[in-house]
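Thank you all for coming. I would like to walk you through one model this morning, going from the chain as a whole to a few individual residues.

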Amino acid sequence: MTSPTFEITKAATFDAAHYFADGPDHRPYRNLHGHSFRVEATVRGRPQEPVGWVADLADLESSLKGVAAELDHGLLNEKPGLERPTLEHICLYFAERLRPAFPGLSRVVVSRPTIGESCALSL
């Protein structure tokens with residue numbers, strides 16, 4: 001029997017502002033505004049010895065919260081790679097920073113829970 005494959009997930013939150021310079025004129029997105037964001041990172045893999053886990057959840061949490069802290073209470077448009085701060089680009093931002101430490105990173109979800117929006121990146 002082959003060993004099972006698991007997915008582990010951690011979440012973090014941050015608050016940030018953004019705007020869309022290229023947004024439609026009739027939408028409020030062009031104006032500076034802010035959101036509370038939630039981000040989830042999922043690592044997929046087989047349990048690794050000697051402990052028997054996919055990855056250390058404490059390490060994943062620390063890394064995820066570290067990236068979220070880079071964005072917290074800032075203007076997303078000012079961050080390299082987030083000049084167009086769509087949910088899609090925010091997913092990529094997290095994936096690019098987490099993947100070196102977590103090669104099994106398989107999914108990043110960024111959401112704005114208060115308005116019921118989310119975006120998922122499958123890797």
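Buried residues, meaning those under 20% relative accessible area, with exposed being over 50% and partly exposed in between, using a 1.4 Å probe and protein chains only, make up 33% of the 123 residues in the chain. What you see is a predicted model, so local features are taken only where pLDDT is at least 70 and side-chain atom pairs only at pLDDT 80 or more, while totals for chains, interfaces and linings use all residues. Residues are numbered from 1 along each chain as its sequence is written, and side-chain values use heavy atoms, with hydrogens and water left out.

Along its principal axes, the C-alpha trace spans about 60 × 25 × 25 Å. If contact is taken to mean heavy atoms within 4.5 Å, then 62% of the contacts with a separation of 6 or more are between residues 24 or more positions apart.

Turning to the secondary structure, the chain has two helices and five strands, where helices (H or I, at least four residues) and strands (E, at least two) are DSSP runs numbered from the N terminus. In sequence order they follow the pattern β-β-α-β-α-β-β.

Strands β1 and β3 run parallel and are joined by two bridges, with Ala 16 having Gly 74 of β3 as its bridge partner. Between β1 and β2 the pairing is antiparallel, over 13 bridges, and here Lys 10 is partnered by Ala 41 in β2. Strand β2, residues 33-45, is in turn joined by six bridges to β4, residues 105-112, the two running antiparallel, and the partner of Val 43 in β4 is Leu 105.

The last pairing is that of β4 and β5, antiparallel over six bridges, in which Val 108 has Leu 121 of β5 as its partner. Their hairpin has four residues between the strands, and Gly 116 there takes a positive phi near 70°.

What, then, lies in the interior? The buried residues of α2 are Leu 87, Ile 90, Cys 91, Tyr 93, Phe 94, Ala 95 and Leu 98, and they pack against β1, β2, α1, β4 and β5. Beyond its neighbours within four places in sequence, Phe 14 is in contact with residues including Phe 37, Ala 68, Leu 71, Ile 90 and Phe 94.

I would also point to Arg 112, which belongs to strand β4 and is buried, with a relative accessible area of 11%. The side chains of Arg 112 and Glu 117 are joined by a polar contact of 2.4 Å, a polar contact being a pair of N or O atoms within 3.5 Å in which, within protein, one must be able to donate a hydrogen and the other to accept it, and residues adjacent in sequence count only if both atoms are side-chain atoms.

Two backbone details remain. Most residues other than glycine have a negative phi, and most peptide bonds are trans. Glu 49 and Pro 50, however, are joined by a cis peptide bond with omega of about 10°, Pro 50 lying in the loop between β2 and α1. His 73, in the loop between α1 and β3, has a positive phi of about 55° although it is not a glycine, and His 73 counts as exposed because its relative accessibility is 65%.

Terms used: Pairing = 2+ DSSP bridges.
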